[in-house]
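I opened the notebook to record what I looked up in this chain, from the overall layout down to single residues.

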Amino acid sequence: MTDPSPATTPGLRVRIFIDFWNLSINVRNWRNDLSLDYSKLGPWLTARAGEVAAQTGQSTAPVVYEGMHVYLSYDPMKDAKLRGWALSVVDRFPGVQVVLMERKPKHAPNCPACRKSIDTC
């Protein structure tokens, strides 16, 4: 078997996965005045990944942005505007898919001996 020629070698396929809350909190802690443009974030991160791969000698193949998944949890009683923004704005950007998860209330732990719920310690 021979090595494929550079003309037929596909680029490095990059798909971005983002935890919305983790990213938002960390960006806010780093620079409170910074606002992220989710329409440009995926292609920008892809380009940076290609630069790092080239600088470290891991690959010189071109990078191909294949999409971005944004995972976001929300409280249906408090986060209606956030949910609306995620579905009507972010989810409509080309290549971006928003995955929403409704937050569920935490359950009290169970006693390991009797398996009953422990409401207070």
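The entries below go from the whole chain to its helices, its core and a few single positions.

**Ground rules.** I am working from a predicted model, in which local features need pLDDT of at least 70 and side-chain atom pairs count only at pLDDT 80 or more, while totals for chains, interfaces and linings use all residues. I number residues from 1 along each chain as its sequence is written, and side-chain values use heavy atoms, with hydrogens and water left out.

**Layout.** I looked up the secondary structure and found 3 helices and 3 strands in the chain, where helices (H or I, at least four residues) and strands (E, at least two) are DSSP runs numbered from the N terminus. Read from the N terminus on, the order of the elements is β-α-α-β-α-β.

**Dimensions.** I looked up the radius of gyration, which is 21 Å for the chain, whereas a compact globule of 121 residues would have a value near 14 Å; the radius is taken over C-alpha atoms, and the globule rule is 2.2 Å times the number of residues to the power 0.38. Along the principal axes, the C-alpha atoms fill a box of roughly 65 × 40 × 25 Å. The accessible surface comes to about 9400 Å², with 57% of it belonging to carbon and sulfur atoms (Shrake-Rupley method, 1.4 Å probe; for residues, only the protein chains shown count as cover).

Among contacts (heavy atoms within 4.5 Å) with a separation of 6 or more, 68% are between residues 24 or more positions apart.

**Helix 2.** I checked its length: the 18 residues of helix 2 (residues 38–55) should span 26 Å at 1.5 Å a residue, and the end C-alpha atoms are 26 Å apart, which agrees; the expected span is 1.5 Å times one less than the number of residues. Which residues of helix 2 are buried? I found Tyr 38, Leu 41, Gly 42, Thr 46, Gly 50 and Ala 53. They cover an arc of only 165° around the axis, which puts them on the same side of helix 2, the arc being that of the directions from the helix axis to the C-beta atoms. The buried residues of helix 2 pack against strand 1 (12–19), helix 1 (20–30), strand 2 (63–74), helix 3 (80–88) and strand 3 (96–102). Lys 40 and Gln 55 are exposed on the other side of helix 2, and just after the helix, Gly 57 takes a positive phi of about 75°.

**Thr 46.** Within helix 2, I looked at Thr 46, which is buried with a relative accessible area of 3%. Leaving aside neighbours within four places in sequence, Thr 46 is in contact with Val 14, Ile 16, Val 63, Val 64 and Tyr 65.

**Helix 1.** Here I found Phe 20, Ser 24 and Val 27 buried. They cover an arc of only 70° around the axis, which puts them on the same side of helix 1. The buried residues of helix 1 pack against strand 1, helix 2, strand 2 and helix 3, whereas the face turned away from the buried side carries the exposed residues Asn 29 and Trp 30.

**Nonpolar core.** Of its 15 residues, Phe 20, Tyr 38, Met 68, Val 70, Leu 72 and Val 90 touch the most other members. Strand 1, helix 2, strand 2, helix 3 and strand 3 each supply at least two residues of this core, and the largest share, 4 residues, comes from strand 2. Not counting residues up to four places away in sequence, Met 68 touches Ile 16, Ile 18, Tyr 38, Leu 41, Gly 42, Gly 95, Val 96 and Gln 97.

**Single positions.** I placed Ser 59 in the loop between helix 2 and strand 2, where Ser 59 counts as buried at 15% relative accessibility. Beyond neighbours within four places in sequence, Ser 59 is in contact with Leu 12, Ala 53 and Ala 54. Gln 55 is exposed, with a relative accessible area of 69%. How far apart in space are Gln 55 and Met 77, C-alpha to C-alpha? I read 47 Å for this pair, which is 22 residues apart in sequence. Finally, Arg 115 lies in the segment after strand 3 and is exposed, with a relative accessible area of 63%; phi of Arg 115 is near 70°, a positive value in a residue other than glycine.

Note on methods. Buried means under 20% relative accessible area, exposed over 50%, partly exposed in between (1.4 Å probe, protein chains only). A nonpolar core is a set of buried Ala, Val, Leu, Ile, Met, Phe, Trp, Tyr and Cys residues joined through side-chain atoms within 4.5 Å.
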